[in-house]
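Work through the exercises below with the sequence and the model open side by side. Try each task before you read its solution.

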Amino acid sequence: MEKVKICTAVTIRLFLNLGCGKALGVILNDTVSQTRGSLPFVALSFSILRGLSYVAAPFVIRLMRVFSSRSIVVVGGFLVGAGFIFEAFLANNSWLLLTSNIITGLGFGLNHIPLYIAVREFFDDSFGTAMSAICFTANIGMAVLPPLLEYLREKYGLAGALTLFGALMWNQILSGVLIQSRKSQSHTGKDSDEEGENSLRAPKQQKLSTPAYDSGGIYDAMVAHPTILCLYAAQLTHMFLSNSCAMFLIPYAVEKGYTQGEAVLLTTFGGCGMLLGRAVIGLVFYLKWQSRLIVMTSPIVLLMSNLLLAICTHEFVLLCFASGVIGFCLGYTSSWMFSYGKYITCLPHFNSTAAWSMICIGTAVISSGPSLGFVHDIRGTYDDVFILLILCAAVVAICTVACISLTKRNPDCDYGDRFI
């Protein structure tokens with residue numbers, strides 16, 4: 001029953017978080033006009049909103065020593081909705097927009113890592129399969145929320161749409177209610193029974209596996225598992241690419257001559273593609289194929305070819321097809337990168353490597369918006385943005401090959417019963 005609650009909590013959070021990330025492209029142009037700001041600055045504020053979800057991980061792990069996971073997630077869910085409502089009524093200039101997006105991003109950050117660690121603790125050996133199944137369900141948000149926000153924007157205007165969208169985001173508070181309360185503090189040899197019947201169950205090696213112990217052990221983790229650096233490089237480049245696609249796909253379609261409504265339809269195809277990609281990668285983890293090079297590199301090559309197709313074609317049907325395939329490839333590789341770290345690091349080092357993984361991902365997300373905004377402004381076309389994304393996909397392929405090929409088990413580390 002507790003596993004069902006954890007899965008439901010994480011699914012609600014990811015449904016709203018992933019859908020929000022995809023929906024930001026719907027209001028990008030309107031926000032630039034309302035705030036009278038530049039495209040790079042508005043893209044930076046949106047990227048901060050997304051990136052803080054990951055960058056805040058080490059800070060949140062330290063909070064978990066003092067406060068329960070439930071309290072942290074509930075507060076985070078409240079801040080997400082409050083940030084959008086603040087933006088609706090007060091963000092009429094660039095700096096207020098940045099402030100509101102920092103509030104929203106901090107909320108996403110507070111409710112991310114406690115739920116991620118909860119899944120790891122409850123599912124252990126089936127972590128990859130569980131995360132893929134959760135992401136498969138949650139990815140429906142990427143197909144549903146962008147057209148929903150576009151409908152609200154057309155009917156109630158930007159301020160009304162953001163107010164209702166913020167109220168919808170408050171559903172993340174339910175994620176905190178569903179998870180069991182746990183204070184993530186160092187264990188001192190006491191029996192786990194003393195934590196109470198309603199606490200999250202820690203891994204078997206309690207002292208070594210708690211966030212409090214692992215949060216400062218990244219150096220030892222990298223020495224023991226050096227190929228984690230290749231995974232970090234792949235995650236950083238991939239999330240740079242993924243966030244850029246989500247943010248700039250709609251403006252790119254508008255630049256090609258399509259209406260806002262038609263452009264939003266592309267994000268729906270992309271979200272459906274991601275949904276399928278998550279399902280397929282779940283099967284890959286179930287079959288223990290996550291370390292096969294051909295299985296992991298083929299989608300990246302397919303991603304590069306369809307990014308090129310999106311640049312070259314002006315046919316709406318082909319753009320829809322390319323968007324769906326790009327979404328499939330991004331969903332496939334994203335789930336792999338979020339889950340594969342557990343399969344190449346031992347139990348005592350997992351939490352510290354996961355926290356730094358979030359920092360890499362957050363850094364990529366924050367930097368993607370403004371950097372590609374500047375790339376767009378050089379010649380005033382999104383073609384240059386998507387050409388750069390093809391190069392990013394090539395870097396992802398190289399890092400993925402290195403990560404899989406160079407990974408070896410450290411004989412001094414405990415991997416539990418996991419199969420690589």
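**Exercise 1. A helix and its charged side chains**

Task: State how far apart glutamate 150 and arginine 153 are, in helical turns, and then find the salt bridges of these residues.

Solution.
Step 1. Glutamate 150 and arginine 153 both belong to helix α9 and are three residues apart, which means a separation of about one helical turn. Helices (H or I, at least four residues) and strands (E, at least two) are DSSP runs, numbered from the N terminus.

Before going on, note that this is a predicted model, in which local features need pLDDT of at least 70 and side-chain atom pairs count only at pLDDT 80 or more, while totals for chains, interfaces and linings use all residues. Residues are numbered from 1 along each chain as its sequence is written, and side-chain values use heavy atoms, with hydrogens and water left out.

Step 2. Glutamate 150 and arginine 153 form a salt bridge, with 2.9 Å between the closest N and O atoms. A salt bridge is a side-chain nitrogen of Lys or Arg within 4 Å of a carboxyl oxygen of Asp or Glu.
Step 3. Arginine 153 also forms a salt bridge with aspartate 30, where the closest N and O atoms are 2.7 Å apart. Aspartate 30 sits in helix α2 (residues 28–35) and arginine 153 in helix α9, so this pair ties together parts that are 123 residues apart in sequence.
Step 4. Together, Asp30, Glu150 and Arg153 are linked in a network of salt bridges.
Step 5. Glutamate 150 and arginine 153 are both buried, where buried means under 20% relative accessible area, exposed over 50%, and partly exposed in between (1.4 Å probe, protein chains only). Aspartate 30 has 27% relative accessibility and therefore counts as partly exposed.

**Exercise 2. The rest of the salt bridges**

Task: How many salt bridges does a search of the whole structure find? Describe the one between arginine 379 and aspartate 384.

Solution.
Step 1. The search finds three salt bridges.
Step 2. In the pair of arginine 379 and aspartate 384, the N to O distance is 2.6 Å.
Step 3. Arginine 379 is exposed because its relative accessible area is 60%. Aspartate 384, at 15%, is buried.

**Exercise 3. Aromatic pairs**

Task: Classify the ring pair of phenylalanine 78 and tryptophan 170, then that of phenylalanine 84 and phenylalanine 165.

Solution.
Step 1. Recall the rule: rings of Phe, Tyr and Trp (its six-membered ring) pair if their centres lie within 6.5 Å; planes under 30 degrees apart count as stacked, over 60 as edge-to-face and the rest as tilted. The count by this rule is seven aromatic pairs.
Step 2. For phenylalanine 78 and tryptophan 170 the centres are 5.9 Å apart and the planes stand at 10°, so the pair is stacked. Phenylalanine 78 lies in helix α5 and tryptophan 170 in the loop between α9 and α10, 92 residues apart, and the pair links these distant parts of the chain.
Step 3. For phenylalanine 84 and phenylalanine 165 the centres are 5.3 Å apart and the planes stand at 85°, so the pair is edge-to-face. Phenylalanine 84 is in helix α5 and phenylalanine 165 in helix α9, so parts that are 81 residues apart in sequence are tied together.
Step 4. Phenylalanine 84 and phenylalanine 165 are both buried. Phenylalanine 78 counts as partly exposed at 45% relative accessibility, and tryptophan 170 as partly exposed at 30%.

**Exercise 4. The surroundings of glutamine 172**

Task: Is glutamine 172 buried or exposed, and which residues does glutamine 172 touch?

Solution.
Step 1. Glutamine 172 is located in the loop between α9 (140–169) and α10 (173–178).
Step 2. Its relative accessibility is 0%, so glutamine 172 counts as buried.
Step 3. Not counting residues up to four places away in sequence, glutamine 172 touches Ile12, Arg13, Leu16, Val73, Gly77, Val80, Phe108 and Asn111. Contact means heavy atoms within 4.5 Å.
Step 4. With the side chain of asparagine 111, the side chain of glutamine 172 makes a polar contact of 2.8 Å. A polar contact is a pair of N or O atoms within 3.5 Å; within protein, one must be able to donate a hydrogen and the other to accept it, and residues adjacent in sequence count only if both atoms are side-chain atoms.

**Exercise 5. The whole chain**

Task: How many helices and strands are there, and what share of the residues is buried?

Solution.
Step 1. The protein has 19 helices and zero strands.
Step 2. Of its 420 residues, 61% are buried.
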